[in-house]
Amino acid sequence: MAKNQTLYVCSACGGESLKWQGQCPHCQEWNTLSRLSIGAAGAGPLTALSTRAASAENAPVVAAEGDSLAAAGSGFSARRLMLGMGELDRVFGGGVVAGSVTLLGGEPGIGKSTLLLQVAAGLAAEHAVVYASGEESVPQIAARATRLGLVAGKLVLVCESSLDAILSLAAERSAAVLVIDSIQTMTLAAIDSSAGSVAQLRDATAALVRFAKASGMAVLIVGHVTKDGAIAGPKMLEHLVDTVLYFESDAGSRFRLLRATKNRFGPVNELGFFAMTGTGLKEVRNPSAIFLSRNPEPAPGSVVMVAREGGRPLLVEVQALVDHSAFGAPRRVAQGLDANRVSMLLAVLNRHAAVPFGDQDVFVNIVGGLHLTETATDLPVALALVGSLRGRALPPTLVSFGEIGLTGEIRPVVHGEERLRELQKQGYQRVILPADNAPRATPEGMQIAAVRTLREALDAAFG
Ligand code: TYD
Ligand code: MG
């Protein structure tokens, strides 16, 4: 085997090939392979292939077996740090775990640095926190902290792109939390390539993971995203870390959604809601209010539903517009939900409720830019479609949810009770829901229409 080997590494998946190719053989991305020279010492992937005898020295040390597993794991879950923002703690699954590594991705300017600065300053009241930025200078960050009215406490602010220096500082201060803003600006001295390259990203992240596990420090890393919204760098970064969070927003909106797409210590797809204000990010305690349009007059084609997104019930407005099709094939456009599902609902409405849409253009939209994938949207969408077609508005105090089957039956959906509680909390009095989701006793002041078929549902709404 040659001492100096040249490898080609894919910037999309981190896969390695021995020769340059236009297309990565691992992930099929085009033009992503770049050359990586490794000396004898760095030839990790190649030496790993050499046949090493399984001697006693190389055998893994068994730390826990059988019953002692529980003992080995006890106390671990207890070591969580509350970040001081309910919405953020929720996304982490109840605070950040000591010794864990979290990657936070999001578009430029969405508020990643602001969020982590607020969190770092909040934690610094009690814990030692190191905030390392390779992007902004100390005066810039300090000015922002002052504007946000943050009190620094035990916060150590460093502007540094040498990860070696940051890690030794964090170790020296025995920090409880280390913030790295961003991984694309960090360099390890041992790696002979520039910041942001595949080799640097990979090894810097791996070094942070090793450091976190060894020291019990919680590490929060900012990651830039590519044009299509994934965290820049090899996909492998997401495999290395414990938690991956994405910060999202609708273009131009001040509301921000934080979503966990991977979490070794909690549920995934939990959502946290924030609003960007003049004084930093504020958590939104009542997110249901965001997704309702503020039209005080009842309008045909608008129906409020209780969706379940990010592990919580949310009130969301569904809008439909049905209009006579001027020419050609009628259009079916769906924003925020599956267009095929809408086509299916149109067919069911035609066959089982005698409401034809054959010569009508149909547009359906979920207000607030949410994307809903659950079947509980069926019934509210059907009501909105019929309301728009007939020009009949539903009362603004009415809410609905439920699945529609191909035979026109209304099927129950999961978390019915939780949805009912949410709509009650938000002051809605009338609900049209699947009969199998109806509560045994009608809550006081509520009017419940429990329906079994699409016809019954339309009668309850418009009859
Ligand atoms: P920032 O945290 O720098 O974004 P990122 O690190 O994700 O690139 O956020 C910068 C944006 O947030 C900027 O456009 C201004 C806005 N902002 C506010 O509206 N209010 C504030 O209090 C702060 C600090 C920023
Ligand atoms: Mg930033």
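## Helix H6 against helix H7

In this predicted model, the axes of helix H6 (residues 163–172) and helix H7 (residues 198–215) come within 11 Å and cross at roughly 10°. H6 is therefore roughly parallel to H7, because angles under 35 degrees count as such.

Four residues of H6 are in the contact: Leu 163, Leu 167, Ala 170 and Ala 171. On the H7 side they meet Ala 204, Leu 208 and Phe 211. What classes of residue make up the contact of H6 with H7? Seven are nonpolar, with no polar and no charged residues.

## The shell around ligand 1

Ligand 1 has 16 residues around it. Gly 109, Ser 113, Thr 114, Thr 277 and Gly 280 come nearest. By class, the shell has eight polar, four charged and four nonpolar residues.

Which elements supply at least two residues each? They are helix H4 (112–123), helix H5 (138–147) and strand S13 (271–277). H4 gives the largest share, three residues.

## Polar contacts and burial

Oxygen atoms of ligand 1 meet both side-chain and backbone atoms. A polar side-chain atom of Ser 113 lies 2.6 Å from a ligand oxygen. For Arg 144, a polar side-chain atom lies 3.3 Å from an oxygen atom of ligand 1. Gly 278 uses its backbone: an N or O atom there lies 3.2 Å from an oxygen of ligand 1.

How much of ligand 1 does the protein bury? Taken alone, ligand 1 exposes 560 Å², and the protein buries 72% of that.

Conventions:
Residues numbered from 1 in each chain as written. Chains lettered and ligands numbered in written order. Predicted model: local features only at pLDDT ≥ 70, side-chain atom pairs only at ≥ 80, totals over all residues. Heavy atoms only, no water. Near = heavy atom within 4 Å. Polar contact = N/O pair within 3.5 Å; in protein donor to acceptor, adjacent residues only side chain to side chain. Areas by Shrake-Rupley, 256 points an atom, 1.4 Å probe, with all protein chains shown as cover. Nonpolar A, V, L, I, M, F, W, Y, C, P; charged D, E, K, R; others polar. Axes fitted to C-alpha atoms, helices over the stretch in contact; angles between N-to-C directions. Parallel < 35°, antiparallel > 145°, perpendicular 65-115°, else oblique. Contact = heavy atoms within 4.5 Å.
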